[in-house]
Amino acid sequence: MIGAHYDHLGRGGEGSLAPREGEIHHGADDNASGVAGLIELVRMLSTQNPGARRTIIFIAFSGEEEGLIGSSYYVNYPIIPLSNTVAMINMDMIGRMKERNLIIGGVGTAQEWRSLIDSDNVVKGVEVSVNGTAASASLTLNLPTVTGGNGVTVDAGRQFTLTLNQDGYGPSDHSSFYAKQVPVLFFWTGTHEDYHKPSDTADKINYEGEARIVSFVANVIRDIDKSDKRPTYSVAKSESQGRSTGFRVFLGTIPNYADSNDGLKLDGVRDDSPAAKAGLKAGDKIVKMAGHEVKNVYDYTYALGEMKAGQEYDVEIVRGSEHLTLKITPAARK
């Protein structure tokens, strides 16, 4: 199963970081980039020879921005039994790669994921120096970088600098599949200052970077396809105590999902939201909320799922060198 969500925020409203409603939110990165990747993968995989051995389903979900509505519906009413679905690959915001940084979630949901990703992330090549003149050749090698006396340098560098998150739960449609015990992988390049704003436009997409990511995803898919054994589902390790069962309340925070070791950093706060009224600001790091320790997005999501609209909660943050405790009252999600 290869997926991406095609809905965005229209002209703003709930979930937007724009100062006022009415402006078109183009959603070039979130998530036209993922849908473009989906369409390109259809072209690449449908024209390869030999063709895929497994059935590959390509699906664009709606309702992701409203709480994973499309993917949640699919896993409850699948066109092929989920017991026959060996893996789900999700692409959400893959258009803003910087300095070869790529985030992959779900690495702990199958025993084979880490070794497969490590193998596909290797840049394989040989440079031969003859009398001071270098000639390059592309070979299929999987060796460490070694320089020998014969002038042959095997350069097994890395295509991407990877941030690997083990948990299968996260801020996109793959969560719906992991909840049904399907191994998942989630590819994205992180949030940015145009997230959920009208300024998320096509001129800011890193097209070369996205093409490289899509090629990497295609190689991962081919490796899954050529294996006689299906990926071995695993319960991924997580420091959180559970997971939100839905998005019943609204805070107006925009998390930075890549910052997940010692608290949840906020990339932004929507104007006039419960978070803004509580005094939260971009750059704050949430370390405790509603009585739950928050070390990453999964802890945050769990705490959010425990909160009730209209009830006041403590939220502890780190702001620069200060440790502050604020009061927040979630609003009901409409």
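Tutor: Let us begin with strand 1, where both faces are covered: I2 and A4 on one side, and G3 and H5 on the other, are all buried. This is a predicted model, in which local features need pLDDT of at least 70 and side-chain atom pairs count only at pLDDT 80 or more, while totals for chains, interfaces and linings use all residues. Residues are numbered from 1 along each chain as its sequence is written, and side-chain values use heavy atoms, with hydrogens and water left out.

Student: Why is A110 called buried?

Tutor: Buried means under 20% relative accessible area, exposed means over 50%, and partly exposed lies in between, with a 1.4 Å probe and protein chains only. A110 has 4% relative accessibility, and therefore counts as buried.

Student: Where is A110 placed, and what is it in contact with?

Tutor: A110 is in the loop between strand 4 (101–105) and helix 3 (113–120), where helices (H or I, at least four residues) and strands (E, at least two) are DSSP runs numbered from the N terminus. Leaving aside neighbours within four places in sequence, A110 is in contact (heavy atoms within 4.5 Å) with P183, P231, T232 and S234. The C-alpha atoms of A110 and V184 are separated by 7.7 Å, although the two residues are 74 apart along the chain.

Student: What makes strand 1 and strand 2 a pair?

Tutor: Two strands pair if DSSP finds at least two bridges between them. Strand 1 and strand 2 have four bridges, in the parallel sense, and in one of them H5 has F61 of strand 2 as its partner. From strand 1 the chain crosses through helix 1 to strand 2, and this β-α-β crossover is right-handed, a term used if, with the strands pointing away from the viewer, the path from the first strand over the helix to the second runs clockwise.

Student: How do you know that strand 1 also pairs with strand 3?

Tutor: Two bridges, in the parallel sense, join strand 1 and strand 3, and the definition asks for at least two. The bridge partner of I2 in strand 3 is I89, and I89 in turn has L185 as its bridge partner in strand 12.

Student: What makes strand 2 and strand 11 the edge strands of the sheet?

Tutor: The open sheet has six strands in the order 2-1-3-12-4-11, with mixed pairing. Strand 2 (58–61) and strand 11 (161–165) each pair on one side only, and are the edge strands.
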